[in-house]
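Please keep the sequence and the structure in view while reading.

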Amino acid sequence: MNLTLKAGDYFCVRNDSFLSKLIILQEWIKSLDHEATYSHAGVIVDSNGTTMESLRKVAHYDLQTHKGCKIIIARHKEMTPENFQKGYNEILKYNGKVYPIFRLVFHLLGIAKFLHTSGVPVCSELVVEHCYHAGLCDHDGYGWTPDNLADKMRNYNCYDVLYEGIL
Ligand SMILES: [Ca+2]
């Protein structure tokens, strides 16, 4: 993959873990397009591929952590450095927090958008919260799944898909 990344690019990815398959199954059951490919998502924060993701904890990782996995990477047409920074400043408050595993149970039950008392978002919620504070979407992200995000990347004119395939 020969790709020039920018701060504010978003990605969705899948791996073959049991948890990943469980997430994809519940996404597929809820999907209106009968398609769910991805189980995880994150924000790219610089051109070297440093990411901010809600994995075991919310922290900075490297996109290459997902090497060999299927991935979609997309860029919002209005993701300027200023917009990126506004969103980044907000999600940095979660840096170092432990992944809210019980929120995943809320997702499996389909009630995640109603229950967000912990304040710590799962992976795709972190991405949408970045987008919200960047001023580029009008919802805060609670309840969003990686499949919701990937569908938006593919179908909304405001996104350019930079790459979809194996990383
Ligand atoms: Ca879908």
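The axis of a helix is here a line fitted to its C-alpha atoms over the stretch in contact, and the angle between two axes runs from 0 to 180 degrees between their N-to-C directions. Two packed helices are described by the angle between their axes and the distance between the axes. The model to which these terms are applied is a predicted one.

In this model, the axes of α4 and α5 come within 8 Å of each other and cross at roughly 45°. On the side of α4, the contact is formed by C123, S124, V127 and V128, and on the side of α5 by P146, N148 and L149. Sorted by class, the residues of this contact comprise 5 nonpolar and 2 polar ones, with no charged residue.

Helix α2 contributes K86, G87, Y88, E90 and I91 to the contact, while α4 contributes L126, E129, H130, C131 and H133. By class, the contact of α2 with α4 consists of 4 nonpolar, 3 polar and 3 charged residues.

How much of α4 is buried? Of its 11 residues, 9 are buried, so the helix is largely enclosed by the rest of the structure. The buried residues are C123, S124, E125, L126, V127, V128, E129, H130 and C131. After α4 comes G135, which has a positive phi near 85°.

Helix α5, spanning residues 146–155, is mostly covered as well, with 7 of its 10 residues buried. Those residues are P146, D147, N148, L149, A150, D151 and M153. Which elements do the buried residues of α5 pack against? Their partners include the strands β1 (10–14), β2 (40–44), β5 (70–76) and β6 (159–166). The helices α1 (18–30) and α4 (123–133) are also among the elements against which they pack.

The phi of H34 is near 55°, a positive value in a residue other than glycine.

The view may now be widened to the whole protein. It contains 5 helices and 6 strands, and along the sequence these follow the pattern β-α-β-β-β-β-α-α-α-α-β. Among contacts between residues at least 6 apart in sequence, 71% join residues at least 24 apart. Buried residues account for 38% of the 167 residues.

The C-alpha trace spans about 35 × 30 × 30 Å along its principal axes. For 167 residues, a compact globule would have a radius of gyration near 15 Å, and the value of 14 Å for this protein therefore agrees with that expectation.

Notes. Residues are numbered from 1 along each chain as its sequence is written. This is a predicted model: local features need pLDDT of at least 70, side-chain atom pairs count only at pLDDT 80 or more; totals for chains, interfaces and linings use all residues. A residue is buried if 20 or more other C-beta atoms lie within 10 Å of its own, exposed if 12 or fewer, and partly exposed in between; C-beta atoms are placed from the backbone. Helices (H or I, at least four residues) and strands (E, at least two) are DSSP runs, numbered from the N terminus. Two residues are in contact if their C-beta atoms, placed from the backbone, lie within 7 Å. The radius of gyration is taken over C-alpha atoms; the globule rule is 2.2 Å times the number of residues to the power 0.38. Ala, Val, Leu, Ile, Met, Phe, Trp, Tyr, Cys and Pro count as nonpolar, Asp, Glu, Lys and Arg as charged, and the others, Gly among them, as polar.
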